[in-house]
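This report covers cavities and pockets, sheets and salt bridges in one protein model. The sequence and the structure come first.

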Amino acid sequence: MLDLDAIYSGRGPLSRAVRGFRARPFQVEMARAVAEAIAAKSVLVAEAGTGTGKTFAYLVPALLTGGKVIVSTGTKTLQDQLFDRDIPTVRSALGAPVTVALLKGRANYVCHHHLERAAQEARFPAREDARHLVEIQRFTRGTPTGDKADCAAVPEHAGIWSYVTSTRENCLGSKCQHYDACFVMKARREALAADVVVVNHHLFFADLVLRDEGAAELLPACNTVIFDEAHQLPETAGMFFGESVSTSQLIELARDSRLEGAAAAKDYAPLPETARELDQAARDLRLVFPEDSGRMPARSLSGNVRFEAGLAAAISALDGLAHELKTQAERSEGLTACWQRALSAAERLERWRSGVDEARVKWVEIFGHALRLNSTPLSIAEIFRRQIEDSSRAWIFTSATLSVGGDFGYYCGQMGIADARTARWDSPFDFAGQGLLYVPRGLPEPNTPEHTEAVIEAALPLIEAAGGRTFLLFTSLRAMRVGRDRVERAFAERGWDFPLLAQGDGSRSDMLVRFRDLGNAVLVGSHSFWEGVDVRGQALSLVVIDKLPFAPPDDPVLAARIEAISREGRNAFLEYQLPEAVITLKQGAGRLIRDESDRGVLMICDPRLLSRGYGKRVLASLPPMRLTHDAGEAVAFFRNPRPTGRARPSA
């Protein structure tokens, strides 16, 4: 039996190894619950507030109870943090003789075959691609991992990466001449041999569904699966338990077919011509829609002659390419792989175009340069429940935001784990003393044109009092752009020199570095900054949220799920829309107090918190800060260095 009290005590091994480590009773309680779940091979859903120390709470029992463990995270950033920092720290402190491996999706590793082919091609859309290719060749000669994250000379989102990495569709597998030197296979072998494997949710579910990236081999020998940032799982799982095909995939297939043909079938002229036809048909299909972005149900496109003609043309071009590839497939493994990809894409397109499936919603998603046709299950509960029941292992789900008002029913229902043990531990922070919740009265309704302007006007006195140091979080990109313009004008009118940063001006990580370094900046953001962002100290003292983050009612997946719930005579708003909004709001609110010394104001500019019956339910789910409706009190908070905590009054 693990002596967890001793391990987590002020004189224990963690205290000796981790600077500033303190004994936290809730951390020990969570660790004990995790250890019990591992021993019983049961399911645990654990909500741990900010500052509980949930990472160390699950790592200690995971490393000490033996057996193979998979830790799945919400982002690659957290994945790298676990592998590079957290797990080595705990392993060293405990003296645990465990081996650890990091496994990412294949698109993160340089592919020798595609790198070689790209070097032969020497024609790229952008001028810098050729320079980046030389850097990647140099990197590949010296790297032991092939992980593109380690190639500092080439930006992570550079276009050249799509030429020199593989996908599930275009990987040649064991038939590749570089198979023995393959970086993906090396990472898989290390993962199979390791005691602890760190993956991310996308990879985990890609493996679970596609049996492709390595977890299909890892899971049978695994004793424990731990999902960190587990609130992201329903959306991620829905993506992978569904099916999609995009114009980008068709364009890449056309490109790969042309390149493979140039290498192995130069004498066969019809192949590059049919590849060109597919490329053009895919681009024309995207151009059916003038919008830069959007989502719409498939049924709304019924009778849209341009779309139906564009889709038919794409399918016809795809069938033509598949036919030509079939005639040349024996000439190389690359051509065989392209032929199989063409057949698979054609099958998915036909399934999307024909037939009705009441368990799924078919919809279209528009991006700047691509169009994706999706088929998404209305519920993943039954699918995921079967995955758990088919195994004998522990499943741990943890995050700071899994419950609604302390109730886990919504989350467990989504994931099909209604019988799971649930537990929650509040943050140890003194929210009543460290923070203030400000909900101004008299603001326009959120769905009115005047709302965003009013939000900025109400926030300006607080931004001034806070000395900048503000996140302005919006629930839509449109509102964010309007808000940014209004803030910029207001700063110019008042002569304020607070640096203004806006989502889209750079990568999220770069913007966060600038925000921390500047110390008095105002950052205007949308969904990218609602979660996974950690700014400790005085650099962030005010978080303004424009309104409750209800998903747009015209979202095709949301609308279909609402319709399905309503058909069963249930209340879709209370059972689905409100819990979704509360969990997202908790993530946004969690950006403010990240440390026991942090202080700040959380300002939520939605009058529905005061005027609707569900407002109290939403407020009850937020950190227990003092509540005020008085702008003067909110401004005064920044001038009072020693606030006294009080219980939150009723709304």
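## Cavity

A cavity is a set of points, on a 1 Å grid over the protein atoms alone, where a 1.4 Å probe fits but cannot get out; lining residues have an atom within 4 Å of a point. Grid points are joined across faces, edges and corners, and a volume is the space filled by probe spheres set on the points. The model is predicted: local features need pLDDT of at least 70, side-chain atom pairs count only at pLDDT 80 or more, and totals for chains, interfaces and linings use all residues. Residues are numbered from 1 along each chain as its sequence is written, and side-chain values use heavy atoms, with hydrogens and water left out.

By this rule there is 1 cavity of 30 Å³ or more. The largest cavity holds about 30 Å³ of space. Its lining consists of Val245, Ser246, Thr247, Leu250, Leu285, Leu349, Leu371 and Leu373. At least two lining residues come from each of strand 6 (243-246), helix 13 (247-264) and strand 9 (371-377). Helices (H or I, at least four residues) and strands (E, at least two) are DSSP runs, numbered from the N terminus. By class, the lining of the largest cavity has 6 nonpolar, 2 polar and no charged residues. Here Ala, Val, Leu, Ile, Met, Phe, Trp, Tyr, Cys and Pro count as nonpolar, Asp, Glu, Lys and Arg as charged, and the others, Gly among them, as polar.

## Second largest pocket

A pocket is an open set of grid points with protein on both sides within 12 Å along at least five of seven lines. The second largest pocket contains about 610 Å³ of space. It is lined by 23 residues, and the closest to its centre are Ala298, Arg299, Val356, Val361 and Lys362.

Two or more lining residues come from helix 15 (305-328), helix 16 (333-353), strand 8 (360-366) and helix 23 (556-567). Helix 23 gives the most, with 5 residues. The lining of this pocket divides into 12 nonpolar, 2 polar and 9 charged residues.

## Two open sheets

Strands of a sheet pair through backbone hydrogen bonds, either parallel or antiparallel. Two strands are taken as paired if DSSP finds at least two bridges between them. Strand 3 pairs with strand 4 (residues 196-200) in the parallel sense over 3 bridges, and Val100 stands opposite Val196 in strand 4.

An open sheet of 7 strands also runs in the order 14-15-13-16-17-12-18, with parallel pairing. Its edges are strand 14 (500-502) and strand 18 (626-628); each has a single partner strand, so one side of each lacks a neighbour in the sheet. Neighbouring strands are turned by 15° against each other on average, direction ignored. Strand 12 (residues 435-438) pairs with strand 18 in the parallel sense over 3 bridges. Tyr438 has Thr628 in strand 18 as its bridge partner.

## Salt bridges

Side chains of opposite charge can pair when their charged atoms come close. A salt bridge is a side-chain nitrogen of Lys or Arg within 4 Å of a carboxyl oxygen of Asp or Glu. The whole structure has 44 salt bridges. One of them joins the side chains of Lys104 and Asp80 (3.3 Å, N to O). This pair links distant parts of the chain, 24 residues apart: Lys104 is in the loop between strand 3 (100-102) and helix 6 (112-121), and Asp80 is in helix 5 (residues 76-94). Lys104 is buried, at 3% relative accessible area. Buried means under 20% relative accessible area, exposed over 50%, and partly exposed in between (1.4 Å probe, protein chains only).

Asp534 and Arg594 also form a salt bridge, their closest N and O atoms being 3.1 Å apart. They link distant parts of the chain, 60 residues apart. Asp534 is partly exposed at 28% relative accessibility, whereas Arg594 is buried at 15%. Salt bridges that share partners join Arg117, Arg255, Asp256, Glu260 and Arg341 into one network.

Terms used:
Axes fitted to C-alpha atoms, helices over the stretch in contact; angles between N-to-C directions.
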